[in-house]
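Here are my notes on the model you sent. Please read them with the structure open.

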Amino acid sequence: MEMTLRWYGEKFDTVKLWQIRQIPGVTGVITTLYNKQPGEVWTQDEIHALKTQVEEAGLNLSGIESVNVSDAIKVGTAEREQHIANYIETLENLGKEDIHLVCYNFMPVFDWTRTELARKRPDGSTCLAYTQEAVDAIDPEKMFETLSADSNGTVMPGWEPERMARVKELFEMYADIDEEKLFNNLVYFLKAIMPVCNKYDIKMGIHPDDPAWSVFGLPRIITSKEKILKLMNAVDDVHNGVTFCTGSLGTNLANDLPDIIRALKGRIPFAHIRNLNFLSPTNFEEAAHLSSDGTFDMYEIMKALHDTGFDGPMRPDHGRMIWGEVAMPGYGLYDRALGATYLNGLWEAIGKAKERGV
Ligand code: DNO
């Protein structure tokens, strides 16, 4: 396992590479080219420049989150073939730069959905939160306006203003797409890219839908053990894997996270680990990473990853805003650094207990 932090690049992130370098046990970053639109080719030179920048700070470029998949591919429009060809070219260029992990999602219209970006917790920290009641009450086209006031002036990936300006058009594009069509389009895409993934040993990790159920009537297909296994079987290749995100799959309390990890043995190239605190099954907030601060048993989650031989990058996912930090919601330095340290501590303890047979 390699502990990493997500980094949004010099231009967008308030957190600097030199700060990440000083978090004990964090040796890499997960990043992307934020100026790229889905469907565009990433050139080898651009990737090389990004990699050099990270390495000059003493860190590894441990994976890409995300190479976004265009709506044309998700919906299966006429532009799909060109976009898949471009995606393949991007993968080829990543492979030539010795990058072997790509995270992506197949969620229609919205990437992750939260209804509050700064819910105050009893200790005065703020965190991202979700209530189904708020989603049911809001017009999806207004969602972005409601949230942007709390984004601390940052551009949140998946919620780019240009994308949100097209929400109405996007809803129309997906009008006739149900779960089955979306799933078939995903399989079509994966089958097309598997040869280049095999050639360069690039593991694709699909990000689960967040939350793990349909929002605004849109289809969602990566929400449970059964659905994920269906995808693993449809394209049965080790390069077709899952970004195991506890905070996304865990939104549905029926999902038994350690059990899903065990069922996906060998197919988890990347892990996002965070805790959630449930106030009701459809009202939850993003807690500190510690088990005692939320609902999940973080020890059991880490143990399941350890037991199944997980050896990819892991990142402490969304943290709270603490100590007066002003940063992209979920992506400040302090709470994620605490999270990394805690998760590294669990990992060390689990490993040593095994070595010593206790
Ligand atoms: C939210 C993230 C997601 C994730 C994408 C992957 O904080 O976990 O935006 O990066 O869904 O493509």
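1. Helix 5 and helix 10 are roughly parallel, because their angle falls in the class under 35 degrees. The axes of helix 5 (residues 80-96) and helix 10 (residues 179-200) cross at roughly 20° and come within 10 Å. Axes are lines fitted to C-alpha atoms over the stretch in contact, with angles from 0 to 180 degrees between N-to-C directions. Helices are DSSP runs of H or I, at least four residues, and strands are runs of E, at least two, numbered from the N terminus.

2. The model is predicted: local features need pLDDT of at least 70, side-chain atom pairs count only at pLDDT 80 or more, and totals for chains, interfaces and linings use all residues. Residues are numbered from 1 along each chain as its sequence is written.

3. Which residues of helix 5 and helix 10 make the contact? Helix 5 gives Ile84, Tyr87, Ile88, Leu91, Glu92 and Gly95. Helix 10 gives Phe189, Ala192, Ile193, Val196, Cys197, Lys199 and Tyr200. Contact here means C-beta atoms, placed from the backbone, within 7 Å. The residues divide into ten nonpolar, one polar and two charged.

4. The ligand has Glu65, Ser66, Cys103, Tyr104, Asn105, Asp111, Trp112, Pro157, Gly158, His207, His272 and Gly330 around it. The cut-off is a backbone-placed C-beta atom within 6 Å. Strand 4 (residues 101-105) supplies the largest share of this shell, three residues.

5. Strand 10 (residues 276-280) and strand 11 (residues 283-286) run antiparallel, joined by four bridges; pairing takes at least two bridges in DSSP. They form a hairpin with two residues between them. Phe278 stands opposite Phe284 in strand 11.

Methods:
Angles under 35 degrees count as roughly parallel, over 145 as roughly antiparallel, 65 to 115 as roughly perpendicular and the rest as oblique. Two residues are in contact if their C-beta atoms, placed from the backbone, lie within 7 Å. Ala, Val, Leu, Ile, Met, Phe, Trp, Tyr, Cys and Pro count as nonpolar, Asp, Glu, Lys and Arg as charged, and the others, Gly among them, as polar.
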